[in-house]
Amino acid sequence: MTALTLNNVNKSFGNVHVLKDITLEVEEGEFVVFVGPSGCGKSTLLRVIAGLEDASSGDIHIGGQQVNLVPPSKRGIAMVFQSYALYPHLSVRGNMTLALKQEKQPKSMIEERVATASRMLNLEPYLDRYPSELSGGQRQRVAIGRAIVREPKLFLFDEPLSNLDAALRMNTRIEIANLHRALDASMIYVTHDQTEAMTLADKIVVLRDGRVEQIGSPMELYNNPANQFVAGFLGSPS
Ligand code: ADP
Ligand code: MG
């Protein structure tokens with residue numbers, strides 16, 4: 001079964017046509033990277049998949065179910081934002097448990113999931129701290145932990161490393177690859193960084209001006225770019 005299918009998805013804001021006939025599939029367990037220049041529609045596409053924006057037309061299927069009218073909290077997905085979007089008045093534990101508490105999940109289950117996620121992310125010493133007391137890298141791990149405790153089938157990452165310095169970016173990239181292996185979930189990862197795309201992806205979707213330019217494995221895109229744009233972005237210098 002595919003984790004996600006988009007069929008001819010369009011999104012306009014007023015008369016600004018941002019997403020144009022987006023058709024793609026994410027297989028179960030696949031790590032798919034969306035790449036493209038700033039302003040090409042990557043964040044809008046994630047927000048439409050998450051249900052934070054409605055598609056103007058087209059079909060969205062998650063886990064085989066049409067979800068166009070399903071609210072974000074019922075789509076079985078979790079999103080990690082570039083800005084982290086942590087609640088400043090809540091501790092690390094509070095940030096990680098909020099969604100599960102709102103869903104009225106049993107206390108023992110919530111504690112167990114926080115314990116597991118904080119162990120995976122080395123957040124155990126920080127559970128009672130507040131976001132303002134954490135480094136950028138630690139905040140990013142809390143944002144990832146908040147997604148993990150919900151045990152989503154599909155993770156959406158919107159440029160999660162772009163606010164980190166180069167060394168931390170590399171470490172966190174390796175951690176995300178390890179998490180993908182450990183969690184057995186599908187992941188969509190947005191970046192404008194070609195090294196991140198080439199090293200993390202099973203499959204890359206190249207976007208330009210709201211359209212899909214090419215879809216393929218890193219090697220396929222590198223060796224057989226469909227056009228100059230893809231070549232310039234990912235391919236070998238020719
Ligand atoms: P990216 O994430 O690739 O940088 P975005 O998805 O943020 O691109 O934006 C794509 C385009 O859609 C931009 O031109 C942006 O100005 C426009 N856009 C995004 N959100 C809105 C909105 N809520 N209202 C109007 N235009 C928007
Ligand atoms: Mg963006």
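Helices (H or I, at least four residues) and strands (E, at least two) are DSSP runs, numbered from the N terminus. Just after helix α2, Lys-104 takes a positive phi of about 55°. This is a predicted model, in which local features need pLDDT of at least 70 and side-chain atom pairs count only at pLDDT 80 or more, while totals for chains, interfaces and linings use all residues. Residues are numbered from 1 along each chain as its sequence is written, and chains are lettered from A and ligands numbered from 1 in the order in which they are written.

**Overall fold**

- The protein chain has 8 helices and 10 strands.
- The radius of gyration (taken over C-alpha atoms) is 18 Å, close to the 18 Å that the globule rule gives for 238 residues, so the chain is as compact as a globular protein of that length. The globule rule is 2.2 Å times the number of residues to the power 0.38.
- The C-alpha trace spans about 50 × 40 × 35 Å along its principal axes.
- Of the 238 residues, 36% are buried. A residue is buried if 20 or more other C-beta atoms lie within 10 Å of its own, exposed if 12 or fewer, and partly exposed in between, with C-beta atoms placed from the backbone.
- Among contacts with a separation of 6 or more, 65% join residues 24 or more positions apart. Two residues are in contact if their C-beta atoms, placed from the backbone, lie within 7 Å.

**Nonpolar core and Leu-154**

- The largest nonpolar core has 60 residues, and those with the most contacts inside it are Val-33, Leu-154, Leu-156 and Ile-188. Such a core is a set of buried Ala, Val, Leu, Ile, Met, Phe, Trp, Tyr and Cys residues joined through C-beta atoms within 7 Å.
- Leu-154 lies in strand β7 (residues 154-158) and counts as buried because it has 23 C-beta neighbours inside 10 Å.
- Not counting residues up to four places away in sequence, Leu-154 touches Ala-3, Leu-4, Ile-62, Gly-76, Ile-77, Ala-185, Ser-186 and Ile-188.
- Leu-154 and Gly-94 are 60 residues apart in sequence and 23 Å apart in space, C-alpha to C-alpha.

- In strand β3 (residues 31-35), 5 of the 5 residues are buried, so the strand is largely enclosed by the rest of the structure.
- Both faces of β3 are covered, with Phe-31, Val-33 and Val-35 buried on one side and Val-32 and Phe-34 buried on the other.
- β3 pairs with strand β8 (residues 186-191) in the parallel sense over 5 bridges, and Phe-31 stands opposite Met-187 in β8. Two strands pair if DSSP finds at least two bridges between them.
- β3 also runs parallel to strand β9 (residues 203-208), to which 4 bridges join it; here Val-32 stands opposite Lys-203.

**Antiparallel strands β1, β4 and β5**

- Strand β1 (residues 2-13) and strand β4 (residues 57-62) pair in the antiparallel sense over 5 bridges, with Leu-6 opposite Ile-60 in β4.
- β4 pairs in turn with strand β5 (residues 65-66), antiparallel over 2 bridges, and Ile-62 stands opposite Gln-65 in β5.
- β4 and β5 form a hairpin with 2 residues between them, and Gly-63 in the turn has a positive phi of about 55°.

**Shell around ligand 1**

- The residues around ligand 1 are Phe-13, Val-16, Val-18, Gly-36, Ser-38, Gly-39, Cys-40, Gly-41, Lys-42, Ser-43 and Thr-44. The test for being near is a C-beta atom, placed from the backbone, within 6 Å of the molecule.
- The elements that give two or more residues to this shell are β2 (16-27) and α1 (42-50); the largest share, 3 residues, comes from α1.
- The shell divides into 4 nonpolar, 6 polar and 1 charged residues. Ala, Val, Leu, Ile, Met, Phe, Trp, Tyr, Cys and Pro count as nonpolar, Asp, Glu, Lys and Arg as charged, and the others, Gly among them, as polar.

- In helix α2 (residues 92-102), Val-92, Asn-95, Met-96, Thr-97 and Leu-100 are buried.
- These buried residues of α2 pack against α3 (107-120) and α4 (136-148).
- Lys-104 is found in the loop between α2 and α3 and counts as exposed, because it has 8 C-beta neighbours inside 10 Å.
- Asn-122, in the loop between α3 and α4, has a positive phi of about 55° although it is not a glycine. Asn-122 is exposed, with 11 other C-beta atoms within 10 Å.
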